[in-house]
Amino acid sequence: MYKVTVDLKRGYFEVTTHGFWTLDTMADFARELEQTVRRIRATGRTPVSLCDLSNAMVQSQEVVAAFVQMMESPAVRSGRVAVYTSGALTKLQAERANQDHDEFRFFTDKDEARAWLLAPTR
């Protein structure tokens with residue numbers, strides 16, 4: 001359902017999702033995300049993340065609500081989040097779920113997403 005890859009040296013993690021999630025999947029994901037963010041913050045870095053939704057499905061309203069609730073917690077927040085997918089409905093759902101989070105940007109190309117994510121901030 002998901003894979004989280006961490007690069008502690010750069011303070012970067014990548015999330016790849018697929019399939020239709022249950023609330024149990026969402027709870028497992030939230031715990032892993034919190035641990036990942038904690039590990040990166042322990043290095044003194046602000047985490048940044050790349051989210052690959054290329055193989056994700058549109059999720060149930062319950063799962064989306066759980067995601068929105070999870071994102072309210074500072075324990076899982078990143079400094080920047082680049083999301084990419086070519087799926088119009090998946091992108092729309094992700095945009096709606098994160099509309100109150102200025103740290104999110106949405107892309108259709110992984111290289112563009114990564115370039116924005118890792119570009120120096122002003």
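Among contacts in the protein chain between residues at least 6 apart in sequence, what percentage join residues at least 24 apart? The share is 74%, where a contact is defined as heavy atoms within 4.5 Å. The model is a predicted one, in which local features need pLDDT of at least 70 and side-chain atom pairs count only at pLDDT 80 or more, whereas totals for chains, interfaces and linings use all residues. Residues are numbered from 1 along each chain as its sequence is written, and side-chain values use heavy atoms, with hydrogens and water left out.

The protein chain holds 4 helices and 5 strands, and these follow one another along the sequence in the pattern β-β-α-β-α-β-α-β-α; helices (H or I, at least four residues) and strands (E, at least two) are DSSP runs, numbered from the N terminus. For 122 residues a compact globule would have a radius of gyration near 14 Å, and the value of 13 Å found for the protein chain agrees with this; the radius is taken over C-alpha atoms, and the globule rule is 2.2 Å times the number of residues to the power 0.38. Along the principal axes, the C-alpha atoms fill a box of roughly 35 × 30 × 25 Å. The accessible surface comes to about 7100 Å², with 50% of it belonging to carbon and sulfur atoms, as computed by the Shrake-Rupley method with a 1.4 Å probe, only the protein chains shown counting as cover for residues. Of the 122 residues, 41% are buried, a class that means under 20% relative accessible area, with exposed meaning over 50% and partly exposed lying in between (1.4 Å probe, protein chains only).

The aromatic residues form 5 pairs in the structure. One of these joins W21 and F29 in an edge-to-face arrangement, with 5.1 Å from centre to centre and 65° between the planes. Rings of Phe, Tyr and Trp (its six-membered ring) are paired if their centres lie within 6.5 Å, and planes under 30 degrees apart count as stacked, over 60 as edge-to-face and the rest as tilted. W21 counts as buried because its relative accessibility is 7%, and F29 is likewise buried, with a relative accessible area of 5%. A stacked pair is formed by F104 and F106, whose centres are 6.3 Å apart and whose planes make an angle of 20°. Within this pair, F104 is buried at 8% relative accessibility, whereas F106, at 23%, counts as partly exposed. W21 and F29 also belong with Y2 to one aromatic cluster.

Charged side chains are placed over rings as well, the criterion being that NZ of Lys or CZ of Arg is within 6 Å of the ring centre and within 35 degrees of the ring normal. The charged end of R10 sits over the ring of Y12 at 5.1 Å from its centre, and that of R80 sits over the ring of W116, 4.8 Å from the centre of that ring.

Both R80 and Y12 are among the residues touched by V48, together with G11, F13, S78, L117 and L118, when residues up to four places away in sequence are not counted. V48 is found in strand β3, which spans residues 48-56, and counts as buried at 13% relative accessibility. From C-alpha to C-alpha, V48 lies 22 Å from T25, a residue 23 places away in sequence.

Q93, in helix α3 (residues 88-97), is buried at 15% relative accessibility, and its side chain reaches the backbone nitrogen of Q59 at 2.8 Å. Beyond four places in sequence, Q93 also touches M57, V58, Q61 and V64. T85 lies in the loop between β4 (80-84) and α3 and is buried at 3% relative accessibility; its side chain reaches the backbone oxygen of L53 at 3.2 Å. Neighbours within four places in sequence aside, the contacts of T85 include L53, S54, T90, K91, F107 and T108.

K9 and V83 are separated by 74 residues in sequence and by 21 Å in space, from C-alpha to C-alpha.

Note on methods
Polar contact = N/O pair within 3.5 Å; in protein donor to acceptor, adjacent residues only side chain to side chain.
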